Every structure is written in C-alpha cells, then in structure tokens.
Amino acid sequence: MVKVAIVGATGYAGEELLKILIGHPRVEIVSLSAKIDKPQKISQIFPELSGKTDLICEEPDFSKIVPDCDLAFLALPHRVSMEAAPEFLRAGKKVIDLSADYRLKDVSVYEQWYGLKHKNPEYLARAVYGLPEVYREKIKPAQLIANPGCYPTGIILGCLPFLGPSLKRNRKAYPLGLAKGKVSSQNIIVDAKTGLSGAGREKEAALVAEMENNFRAYKVDAHQHAPEVNQELSAFAGERIEITFTPHLIPIQRGILSAIYLQLKKALSQEEAQGLYQDFYKDEPFVKVLPEGKFPQLKDVAKTNFCHIGLKISPAKKIAIVICAIDNLVKGASGQAVQNMNIMCGFEETEGLR
Ligand SMILES: NC(=O)c1ccc[n+]([C@@H]2O[C@H](COP(=O)([O-])OP(=O)(O)OC[C@H]3O[C@@H](n4cnc5c(N)ncnc54)[C@H](OP(=O)(O)O)[C@@H]3O)[C@@H](O)[C@H]2O)c1
C-alpha cells in the first residue's frame, strides 16, 4: 500500500483524484487538504462520497502531512504548487504535481508565459514530464513528476507518430522514421475545443452563464500550453517545432477535442498512416487509434483515462488531419497522475483506472 496525500482536494482535479483513489486497491489516502475555513468531512463537500469515506479535509499543515505520506498529489494552482512541493521533496517523499510549475525546463519560458518568478528552479532539471507514452522509463525512478497539461496531453499524443522515432519498445516492430520526411514538423496547426471545467472550479462558475449557447476562441496563438507542446514535440523530433494553437471554449462540462493539421512533404497513404499510428500505440493501455473513417467523440472518453485518435489523410491537398479526444480531468489531469503513480510505485499501470 502507498500512503498518499492530496493537496487541493476540493478543486476539480482534486475531486477526480479522490474518486479514482478511493477505488484504488493499492492506495491508502492519509490526508486531504485545501484552502478551507475549518476542517470538514470531504463527504459534506462532495455528497456523492457519503458512505465511501470519512476523511476530513483541512488547511494544509505540512508538519503533519509530510511525515504521514509516501507520495503527494498537488492539485493546486500554479504558483501555489511550487511553494508546497519542496516540503515533500526535502523529506524524500514523491510528488506528482498537476500544475504547470515544473513542466517547462527553461525557467525563462515559464516566467514569460506564467508572468511570475519561479521560486525553486533548481527542481526543474530533475522533474520528469509525466507522459507515460514517452517517458515511462524515466517516470519509474522519478521523485518529482510534472503532470502534463490537459491540452498538451491530447495534442502531443496526436502528433507523436508523425514526428519522430517509434517509441523505444516498438522500434523493431516498425521501420524507424517512416513518417519522418513525409510529414512536415513545421506549420502544425491545432484547433482545440475544451469544456468549461478546464478553467478550474472557481473560474468555471463565472464562465457558465457567459457560455450558455455560446462558443468562442480565446488566447488565440497566445495560450500558455503552446510552449509546453513545443518543448515536448521538439525534444521528440530533435528539431525546433512551434505549433499555431487556437483554443476554444464550448458549453459542456468536460472533455477536449483537438483537430491537428500537418502538412505532407511526400506521398503518404491513409493505409500507411493508419498502420503507423496503430503500431506506434499498439502496447499503450490508454491510447486507442480508431479504424479508418472513424473519428473520436467526447462522450466515448468522458470519465475515462483514454485518448482516442482518428486520422484523415488527404494526398491531393497534401494534408494529414489528426483528431484526438480526452477527458481533461482524467487523461488530461488526475487519471494520468494516477497512471504515473502506478508506474512510480511498480503497480500495474492500469490499476484503479479501468
Ligand atoms: N481543470 C483541468 O482540466 C486541469 C487539467 C490539467 C491540469 N490542471 C491543473 O491542476 C491544478 C488544479 O486544477 P483545478 O482545475 O482542480 O483547479 P481548482 O478547481 O481551482 O482547484 C484548486 C484547488 O487548490 C486549492 N487551493 C488554492 N489555493 C490554495 C492554497 N493557497 N493552499 C491550499 N489549497 C489551495 C483550492 O482550494 P479551494 O477550493 O478551497 O480554494 C482547490 O482545492 C491547476 O494547476 C490546473 O492548472 C487542471
């Protein structure tokens, strides 16, 4: 059994974590904390947990939480996470941070996009980007996981097979770089739509009225998740990649659907592309490549840790269109965090997530 603490337990990501971890056979939840006036049963905050847990949620007191746990999930806003993480790290505890505080390797990029000074950049080099499909081997021994952002999770998974080498364990199974040279790594356009929970509980409340019967773009080519995608795709492809990214808000609660447009440099058939994606993800428990002619829909991934991917190759237009769907609160946040915990603790990777 691993003893876990959830800091930020009353937020969207914290609530989702709690619901997953209550059903996880290898986890004992030892602490729940959040910014809260007085200690309160978590089942009073989330009535659907009545009868499932007697845990109390209170203000974080690290002198009590740290000694009691083996691993902490930080489901906190960025800026707050980097104040909490060192408390656990200094004591040798594992940390999975769901915020953006440890995702960007270059501190100046973080400070530019998040508009604040990083408090402990010395931890950035040892933080492992928690995308299991790429970094599984590095996640196993890691002490600090920077859990990926919600948009980046779907976008990166949607682009990977076209941009670089096959995943390590698949290298023998598929010729290296089949798509490399056929699909351009430049001028990648991403048009993504998110449900309102992506903004967090507090901001969502304000958005609900504004977004009723509405649909709009925001932070056009200026969203803070773009540098995260650029960092990871560039590292994977071994060359500088900068996506053009237009996020949109849609009036649903959860889910992200991204349409990614990549330019073909040489002939690539639908069949070849399908084969590449199927092969690339064939051993991945949470990525499903849909058959030719099928495209993902949010209701199929809602409340699951799956990423669904559909492909359309248009040789005449020299374009590849990749559509991917995830639940922002599960594969885009808390489910992926539990997947990372499973890998770090040597559990079955799918434990608690099926
Ligand atoms: N929502 C998503 O789809 C999503 C996806 C991927 C990653 N993330 C990231 O995950 C993190 C949490 O997101 P969220 O959507 O769950 O946000 P949220 O709904 O706003 O929840 C934030 C949580 O942090 C707590 N908190 C805030 N300031 C605190 C402080 N100073 N001390 C202790 N607790 C504090 C809040 O407590 P109170 O409620 O009492 O204020 C709440 O429990 C963020 O960094 C976000 O960027 C979110």
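This is a predicted model: local features need pLDDT of at least 70, side-chain atom pairs count only at pLDDT 80 or more; totals for chains, interfaces and linings use all residues.
Student: On to the rings. How many aromatic pairs are there?

Tutor: The search of the whole structure finds eight.

Student: What makes tyrosine 129 and tyrosine 135 a pair, and of what kind?

Tutor: Ring centres must lie within 6.5 Å, and planes over 60 degrees apart count as edge-to-face. Here the centres are 6.3 Å apart and the planes are at 85°, so this pair is edge-to-face. Both tyrosine 129 and tyrosine 135 are buried.

Student: What is the geometry of phenylalanine 236 and phenylalanine 280?

Tutor: Their ring centres are 6.3 Å apart and their planes are at 80°. The angle is over 60 degrees, so this pair is edge-to-face as well.

Student: Which parts does that pair tie together?

Tutor: Phenylalanine 236 lies in helix α9, residues 226-237. Phenylalanine 280 lies in helix α10, residues 270-280. The pair therefore ties together parts that are 44 residues apart in sequence. Phe236 and Phe280 also form one aromatic cluster with Tyr281.

Student: How do you know whether phenylalanine 236 and phenylalanine 280 are buried or exposed?

Tutor: Set the values against the 20% cut-off. Phenylalanine 236 has a relative accessible area of 15%, so phenylalanine 236 is buried. Phenylalanine 280 has 2%, so phenylalanine 280 is buried.

Student: Which other residues of α10 are buried, and what covers them?

Tutor: Besides Phe280, the buried residues of α10 include Gln270, Ala273, Gln274, Leu276, Tyr277 and Asp279. The cover includes α7 (150-163), α9 and the strands β13 (287-289), β14 (307-314) and β15 (319-326).

Student: What makes arginine 201 a charge over the ring of tyrosine 12?

Tutor: CZ of Arg must be within 6 Å of the ring centre and within 35 degrees of the ring normal. Arginine 201 lies over the face of tyrosine 12, at 4.5 Å from the ring centre. That distance is within the cut-off, so the distance test is passed.

Conventions. Residues are numbered from 1 along each chain as its sequence is written. Side-chain values use heavy atoms; hydrogens and water are left out. Rings of Phe, Tyr and Trp (its six-membered ring) pair if their centres lie within 6.5 Å; planes under 30 degrees apart count as stacked, over 60 as edge-to-face and the rest as tilted. Buried means under 20% relative accessible area, exposed over 50%, partly exposed in between (1.4 Å probe, protein chains only). Helices (H or I, at least four residues) and strands (E, at least two) are DSSP runs, numbered from the N terminus. Contact means heavy atoms within 4.5 Å.
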